[in-house]
Amino acid sequence: MRPRNLLLFVAASVTAACFANTASAQQVKELTFWSHWAAEVPKRTFVEEAIRQFEAKNPGIKIKQTWYEKTALYAGLKTALRANQAPDIFYAEPDQAEYMENGFLLDLSALNWAAVEPWAKEAWTYQGKPYGLPLEAWTVELYFNKKTMADLGVSVPESLQFSPDAFSDMIKKAKAKNITPMALGVGDRPYPGAHVVHEALLKKLGVADYAALLAGKLSWSDPRVLDTLKWVKGLTEAGLLPATFTTLKLAEAHGYFHTNPGALTFLNGSWYTSRAFNPVDKGGQPVDFPLGIMQFPAVPGAVCNECRSIAIGGSYVANASTKHAKEVTAFFNSFLSPEMGNRWLDVVKVQTGIKSDPSKMTDKQAADYFAMIAKTNAGAKYHFGIPIQVMSGKPKEVFTQVFNNAFPAGNISVEDAVKQMAAAY
Amino acid sequence: MAILRRSLLLLVLTLYTSFAAGPFVWAAMMSLRTTTEIHRNHFAFPNPAHWEKFPDAWFNSNYGIYFVNSLQVVVAAVVILTLIGAMAAHCLARYRFRLNRVIYFILFSTIIFPPQITIISLFQILVQYGLYNSKVGLTLVYVAIQLPLTIYILESFFARIPADLFDAARMDGYSDWEIFWRVALPIALPAVATTVILNFILLWNEFLYAVVLITDESNRTLPLGIQRFIGDTQEDVGMIATGLMIAIIPVIVVYAFFSEKLIQGMTAGAVK
Amino acid sequence: MPSSQAGVAHDDGLRKPWGTIVAFLLPALTLYVGFTAYPAIRTLWNSFHRVLPRREEFIGLANYADLARDDIFWRAVRNTILWACTSPLIEVSVALLLALALYAKVPGARFFRVAWFTPVLMSYIVVGILWLWIYNNDWGPVNVAMRALGLGAWTRPWLGDPKTALPALIFVTSWMWVGFNMVVLLAALHSLPKEVLEAAELDNCGWGAKLVFVILPLVRATLLNLIVLSFIGKMKIFDLVWITTKGNPLWATETVSTYVYKRAFEWTTFDLGYASTVAAVWFVIVLATVLTLTWAFRQREKLEY
């Protein structure tokens with residue numbers, strides 16, 4: 001080739017190569033994704049599959065996933081957000097108001113909210129705008145071992161709710177046979193121990209007064225509050241909880257209930273299935289475990305025994321400074337359909353904030369489980385959010401220390417507990 | 001009488017040694033047993049000894065990564081510390097100038113600083129300079145926190161070197177730097193060795209700064225890695241024990257090798 | 001510190017080689033200023049502001065006012081100071097007793113020194129995990145031994161009970177540091193001049209008198225150094241608490257360092273100002289206590305022998 005042609009040829013090739021590079025660079029957008037549930041197989045399976053389907057439908061987008069355990073995730077996010085090293089999408093729960101207060105989250109108004117339950121959207125609404133995709137919803141349920149219950153000669157009433165006396169009687173019978181009445185552990189979580197107290201308080205006071213109590217508008221020295229706390233104290237002093245309550249971890253508490261040493265009941269969120277329905281060698285309950293669900297017992301003098309807490313749990317949010325806002329929105333929208341909602345129910349076997357139809361379940365284990373959940377939730381009146389989701393600052397810290405840890409463990413009296421709470425507001 | 005005294009002595013020795021080393025031996029035994037075996041009997045001897053747990057922990061549980069990170073950060077920090085610490089200590093011990101005692105006193109008093117006074121701002125500063133979550137950033141912080149102690153130990157040793165040696169070297173035409181590098185440093189080798197070992201041990205085990213300044217899994221140091229491990233769902237006691245062994249063994253090796261030097265150095269400082 | 005004065009007086013009376021001095025000091029001082037001095041000042045500055053990710057607001061002494069009323073902080077201060085006062089006493093006295101007992105021939109000295117030093121060599125993280133297992137309610141050696149000895153009624157979740165959690169942790173640090181103190185004291189004892197001890201022997205001193213009037217005064221400097229060292233170390237403690245109890249239960253083991261970390265990184269806020277205030281106040285408290293301690297312990301007369 002003559003020199004001038006050669007030059008042209010080289011120039012053309014180089015230009016073509018440049019364009020080829022930018023074209024391919026434009027082709028793959030990578031979204032970073034941090035999530036909790038590293039060890040909760042059903043949820044992880046669901047999300048990983050949703051990601052796979054999304055990537056298949058959108059070849060130009062890849063999602064790089066990192067799975068964490070919750071405490072590690074929160075610690076990492078706290079500093080990463082400040083340092084501008086946070087991922088595009090990450091797991092969050094609605095109690096983390098600080099994310100929204102500091103403008104770290106992407107406004108998700110553009111999502112297909114028609115596919116979401118209104119109360120689920122409400123949980124994530126801050127100053128009129130929604131910021132989170134409410135994937136997981138859960139209620140506090142009282143699981144029990146049907147066989148052990150029958151062996152003790154205790155029969156669960158039709159209404160699935162023990163009267164206070166019947167419940168105390170159940171505790172006595174269990175203790176007589178050296179069986180822990182209720183498995184529960186606060187070794188690594190700030191909320192399980194408080195379930196007993198807040199469900200009792202909610203039933204005693206009703207939704208409105210209970211909300212006022214948590215907000216500091218109703219005094220903790222109110223006689224109804226004191227009565228309820230005294231009643232709970234009676235239960236814990238009768239030996240309701242395990243001796244290792246303060247150090248027992250969440251996963252261990254599951255095992256304590258269904259495998260070793262085996263407890264009579266277990267007060268946990270309805271996401272119990274996320275660990276219990278794992279294969280046995282991954283910490284799941286034994287095959288054919290006689291699982292039953294009943295209601296939290298009636299509280300003496302309660303105004304609303306059908307009241308219960310419902311909370312939005314695991315959700316996904318987007319980083320406000322993400323460079324791929326369109327792709328993130330598309331990804332979130334891929335979750336918002338009744339099919340996805342039903343798929344969540346089938347695979348994960350926990351309620352969801354996405355509008356779905358439990359009657360369309362294809363998995364038998366899921367169908368049976370949700371039938372039980374439907375029974376305990378029939379006619380329920382809901383309070384949205386558990387205390388640590390609606391409280392913040394000093395009251396939240398004191399509530400956790402007192403009612404999650406110390407009070408159920410029997411380390412603080414009713415009077416002192418109430419005094420601490422009053423001083424916290 | 002002597003026999004009674006002798007046997008009493010032996011009793012105290014064995015009791016205390018088992019008390020001091022007991023937990024460590026227990027962890028070593030558990031590191032060679034699987035978690036299921038451990039839950040059956042927490043105190044049995046490893047039988048069979050599962051040596052494969054160590055490569056398993058190294059490759060599958062990321063202990064290998066944590067170990068290498070720790071090695072990189074700590075070795076780099078100790079090298080830099082020794083060099084610039086010795087330089088500063090030599091200067092403070094050798095040359096007389098107005099600010100000498102002031103600088104010395106300021107450096108010395110920082111030893112009692114609680115870490116909290118700097119950690120929050122260090123977080124902000126490293127973020128600002130893009131050094132957050134990086135091994136470089138952590139290394140620099142490590143050098144800074146151990147500088148006062150290093151300079152203190154080295155300075156008192158450097159100051160005891162007789163001045164005649166320096167006068168002689170100066171007359172032989174040595175430059176200031178050569179005096180430091182060829183005369184002072186070799187003589188001060190015992191003290192330098194002490195600071196090297198001390199810094200290595202303290203930084204290898206350092207946790208607070210690491211937990212605040214490093215969050216990326218690939219940059220984690222060993223203490224951080226272990227803590228992360230124990231936070232995971234099932235308490236895999238066997239695996240945690242193996243990880244603990246991986247963390248402890250380098251330090252024990254370094255120490256056993258240099259124990260005499262280290263004790264000499266530490267006791268010299270304290271006995272003074 | 002006195003020893004270096006002799007060295008400094010000698011060199012370079014004529015002209016100061018400023019170039020060299022600066023060259024030698026610059027690296028260390030730069031790092032010091034950049035990573036220690038400046039952060040300390042900035043923390044102080046933070047304490048007068050609300051420090052949020054995107055902005056900082058000057059709020060004057062508001063944080064300090066909140067701190068005065070913060071009972072969690074004062075609880076943490078009490079815990080930490082209690083720890084820093086009791087731990088050194090236990091560690092040094094037990095170490096002294098052991099050192100005295102072992103003052104006679106110790107066969108296999110090198111092996112024992114390694115064995116006794118092992119606790120100190122381990123990271124607080126490792127120690128914390130080990131003792132979490134040792135204190136475990138169901139299968140930890142402590143409770144298992146108690147049940148084996150028929151003392152089953154005494155078993156309890158040691159780290160879960162507010163009354164026993166802090167003493168349990170103090171015991172752990174004592175376990176760690178007694179070995180270190182003992183080795184140092186043994187060296188000190190061995191370096192005592194033989195003539196004085198033999199003289200006391202000749203004077204027909206009783207064992208007790210020999211201890212109190214001869215040995216103790218001679219090792220006084222070492223003892224005090226060890227106490228101060230231990231005190232400072234306990235005022236800073238973080239890792240051990242973090243891996244075992246994290247300040248629980250009911251703030252029984254909350255130390256100032258864990259509280260600062262929590263306020264800075266774990267409360268539902270991004271504000272770093274309040275945590276900086278805690279750090280600043282704590283710094284003053286530490287400084288004051290250490291200065292008091294060293295002043296109280298300063299040698300009044302040199303011992304002549």
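Leaving aside neighbours within four places in sequence, N342(A) is in contact (heavy atoms within 4.5 Å) with S356(A), D357(A), P358(A) and K360(A). This residue sits in helix 13 (residues 338–348) of chain A; helices (H or I, at least four residues) and strands (E, at least two) are DSSP runs, numbered from the N terminus. N342(A) counts as buried because its relative accessibility is 13%, where buried means under 20% relative accessible area, exposed over 50%, and partly exposed in between (1.4 Å probe, protein chains only).

A word on the model before we go on. This is a predicted model, in which local features need pLDDT of at least 70 and side-chain atom pairs count only at pLDDT 80 or more, while totals for chains, interfaces and linings use all residues. Residues are numbered from 1 along each chain as its sequence is written, chains are lettered from A and ligands numbered from 1 in the order in which they are written, and side-chain values use heavy atoms, with hydrogens and water left out.

**A buried serine in chain C**

Let us turn to S87(C), which has its place in helix 4 (residues 71–101) of chain C. With 0% relative accessibility, S87(C) counts as buried. Not counting residues up to four places away in sequence, S87(C) touches I170(C), T173(C), S174(C), S230(C) and K234(C). With one of these neighbours, T173(C), the serine makes a side chain to side chain polar contact at 3.2 Å. A polar contact is a pair of N or O atoms within 3.5 Å; within protein, one must be able to donate a hydrogen and the other to accept it, and residues adjacent in sequence count only if both atoms are side-chain atoms.

**Salt bridges**

Over all chains, the structure holds 32 salt bridges, each being a side-chain nitrogen of Lys or Arg within 4 Å of a carboxyl oxygen of Asp or Glu. Here are some of them:

| Lys or Arg | Asp or Glu | Closest N and O atoms |
|---|---|---|
| R275(A) | E40(A) | 3.2 Å |
| R308(A) | E141(A) | 3.0 Å |
| R69(C) | D66(C) | 2.7 Å |
| K394(A) | D71(C) | 3.1 Å |

R275(A) and E40(A) form a salt bridge that links distant parts of the chain: R275(A) is in helix 11 (residues 273–276) of chain A and E40(A) is in the loop between strand 1 (29–35) and helix 2 (41–57) of chain A, 235 residues apart. R275(A) is buried because its relative accessible area is 7%, and E40(A) is buried too, with 3%.

In the salt bridge of R308(A) with E141(A), R308(A) lies in strand 11 (residues 307–312) of chain A and E141(A) in strand 7 (residues 137–145) of chain A, so the pair ties together parts that are 167 residues apart in sequence. Both R308(A) and E141(A) are buried.

The pair of R69(C) and D66(C) is a salt bridge within chain C. R69(C) is exposed, with a relative accessible area of 61%, and D66(C) counts as partly exposed at 37% relative accessibility. Back in chain A, salt bridges that share partners join E40(A), K43(A), E136(A) and R275(A) into one network.

**Where chain A meets chain C**

This contact takes 26 residues from chain A and 23 residues from chain C. About 2300 Å² is buried between the two chains, with carbon and sulfur atoms giving 57%; buried area is the accessible area (1.4 Å probe) that two parts lose on being put together, summed over both. In chain A, the residues K78(A), R82(A) and Q401(A) lose the most area to chain C, together 27% of what that side buries.

The count between chain A and chain C is one salt bridge, formed by D71(C) and K394(A). Five residue pairs are in polar contact across this interface (both at pLDDT 80 or more). Helix 16 of chain A gives the most to the side that touches chain C, with nine residues.

**Where chain C meets chain B**

Here 98 residues from chain C and 97 residues from chain B take part in the contact. The two chains bury about 8900 Å² between them, 76% of it on carbon and sulfur atoms. In chain C, F24(C), F35(C) and W133(C) lose the most area to chain B, together 9% of what that side buries. Across this interface there are zero salt bridges and 12 residue pairs in polar contact (both at pLDDT 80 or more).
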